[in-house]
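Dear colleague,

Please find the structure below, handed over for your study. My notes on its aromatic side chains follow.

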Amino acid sequence: MLDLLLHNGAVRTFDGAGWAQAVGITGGYITYVGTDDDAPAARHRIDLNGRLLTPGIIDSHNHLLLGFDPDAVSLEGASSLGEVRKRIAEHAVERPELDWICAENAVYSVVEGRRPNASDLRGVTDRPVFITTYDQHSVWLNDAALRVLGITHESSIPWGRPEVDADGNPTGWVTDFYTSAMTASGLRGLQRDIPMYSPDRRYRRITSSLAMAAASGITTVVEPQVPLAELDLMYRARAEGKMHSRVITALFHPVGSDAEFRKDLREAVDSAPVDDMLRLGPVKLYADDVIEPHTAAMLADYANRPGHRGSPSMPPNEFTAMLGELHRLGFQTHTHATGDWGVRMALDAIESAQRSNRTTDHRHGIVHVECLDDADLPRFARLGVVPAMQPRHCSPDLVAGTWMDNVGEGRWDRAWRFKSLADSGARLAFSSDWQVGEMDPLVGFYTALTRAGLDGGSAWTPDECLDLDTTLRAYTQGGAWAWHAENELGVIRAGARADVVVWSANLYTLEASELLGERADLTIVGGAVVHDARREFSDDPPVPASAAGVGHGVPAESHSTCAH
């Protein structure tokens with residue numbers, strides 16, 4: 001007898017014929033896929049009433065550690081300096097007990113024609129202000145923060161590179177933040193100086209993000225960048241029963257780390273107390289930075305900065321040697337690359353590692369792939385490299401202005417080439433990049449289908465739009481393949497793990513614009529119901545829908561519309 005039968009539905013299996021009516025679950029595994037008439041008896045039955053059932057979403061790049069912080073103010077949607085000042089001032093008044101005023105999700109274009117600086121925050125509050133940009137790659141400080149941190153024209157900090165003006169004075173803008181902040185010294189400095197980075201606040205971010213994932217239909221989350229020093233936060237979440245979705249943890253490899261550090265990574269993975277819900281293994285690398293502040297590596301000059309192409313994170317030959325060593329140690333790599341030169345450098349390094357070691361099935365991934373040259377497009381399929389991409393990032397309401405202007409119209413046809421990559425045979429693995437973008441997969445579905453903003457405005461580069469089936473495959477089967485789990489995840493077949501999601505309608509019958517009005521009704525991980533929006537299985541589900549707040553699974557206070 002089945003433990004649970006889900007019947008009278010539209011079941012997209014991504015296996016064999018591809019469609020069924022009913023799915024049976026026993027002991028954490030799928031044990032029946034077929035018609036309603038042939039379904040075995042079950043202890044519990046749920047009538048889907050025609051709703052769509054799919055494999056659970058595999059979010060292949062989701063920063064659990066960057067989740068919502070209730071003690072910080074969100075600057076999402078604050079497009080003017082006046083609005084930024086207003087929100088920070090209000091937060092300072094409402095929270096007099098805070099020593100620091102921390103804020104998140106600032107946009108680079110909040111001050112027209114230049115980067116923000118400390119003088120833009122004068123008169124808002126006497127307390128130090130620490131603001132991260134939406135992509136977590138830059139920080140904006142006020143005068144008080146510069147004083148407290150002791151940043152002068154001669155000083156340095158472990159978690160970034162302070163910019164200086166023509167006279168050599170610090171401006172209050174810090175670049176190279178995210179890559180520096182996750183080093184051992186950078187993290188120590190942040191935890192010492194900035195309350196937002198205390199272990200307890202970081203742990204709260206993880207647990208709130210995990211609750212949101214379950215309520216969004218996400219059954220596997222890949223946390224792409226965890227320092228060795230913060231692994232205990234992951235173990236704590238597992239021990240305290242907070243991991244309702246499976247978690248794959250990628251360990252951060254700081255630029256400049258040596259062979260001894262790579263041995264430490266290997267030891268950490270080999271000795272990790274992990275199980276089916278928590279797995280370590282991939283290693284996060286950086287080939288370059290990001291396009292908005294002109295720090296991504298481009299093959300040709302930035303359109304609005306002649307003579308400047310950005311630069312790779314390290315010399316290409318050193319990057320190739322580092323990735324090759326990780327490959328020999330058995331690691332799968334997950335490399336951030338946004339510029340077309342950065343992407344090429346990552347592909348070159350992977351090809352070299354495969355040729356030297358005569359192994360081709362590591363399934364190394366390149367994350368973001370925001371700008372892709374024609375010559376490099378077929379290499380993903382040929383090398384078995386996973387393009388781990390985020391549909392929401394290509395929305396015109398996000399990239400109009402800074403991104404588009406920096407790259408230039410002549411290269412817009414290289415941007416987020418979803419369809420071109422899919423047509424080439426590459427195995428796309430889609431993700432949210434939470435908290436840089438909304439976690440809700442339905443936002444990603446909509447954007448992949450339309451390449452339009454959430455306001456329904458004009459599409460951008462529509463030749464790269466996908467259909468729903470290809471999009472869903474990239475969020476399920478593609479993600480499973482990317483992480484060597486295609487035999488047990490991302491598919492609905494007898495013997496696979498019972499990780500499935502029931503959507504609030506048959507999404508295949510809807511227009512793209514209607515997708516944003518739907519939700520995940522039921523999320524099941526390993527046969528356990530971890531989200532039950534309609535109380536179909538239990539009156540007291542482990543992760544109630546309210547845990548994820550409102551608006552496509554994002555808390556109202558932090559409904560991010562941000563992307564690289």
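Phe445 is buried, with a relative accessible area of 0%; buried means under 20% relative accessible area, exposed over 50% and partly exposed in between, with a 1.4 Å probe and protein chains only. Tyr475 is also buried, at 3%.

This is a predicted model, in which local features need pLDDT of at least 70, side-chain atom pairs count only at pLDDT 80 or more, and totals for chains, interfaces and linings use all residues. Residues are numbered from 1 along each chain as its sequence is written, and side-chain values use heavy atoms, leaving out hydrogens and water.

Rings of Phe, Tyr and Trp (its six-membered ring) pair if their centres lie within 6.5 Å; planes under 30 degrees apart count as stacked, over 60 as edge-to-face and the rest as tilted. By this rule there are 17 aromatic pairs. In one of them, the ring centres of Phe130 and Trp159 are 5.7 Å apart and the planes stand at 70°, so the pair is edge-to-face. Both Phe130 and Trp159 are buried.

The rings of Phe445 and Tyr475 have centres 5.2 Å apart and planes at 70°, so this pair is edge-to-face. Phe418, Phe430, Phe445, Tyr475 and Trp503 form one aromatic cluster.

Charges also meet rings. The charged end of Arg236 sits over the ring of Tyr203, 3.7 Å from its centre (NZ of Lys or CZ of Arg within 6 Å of the ring centre and within 35 degrees of the ring normal). Likewise, the charged end of Arg266 sits over the ring of Phe331, 4.4 Å from its centre.
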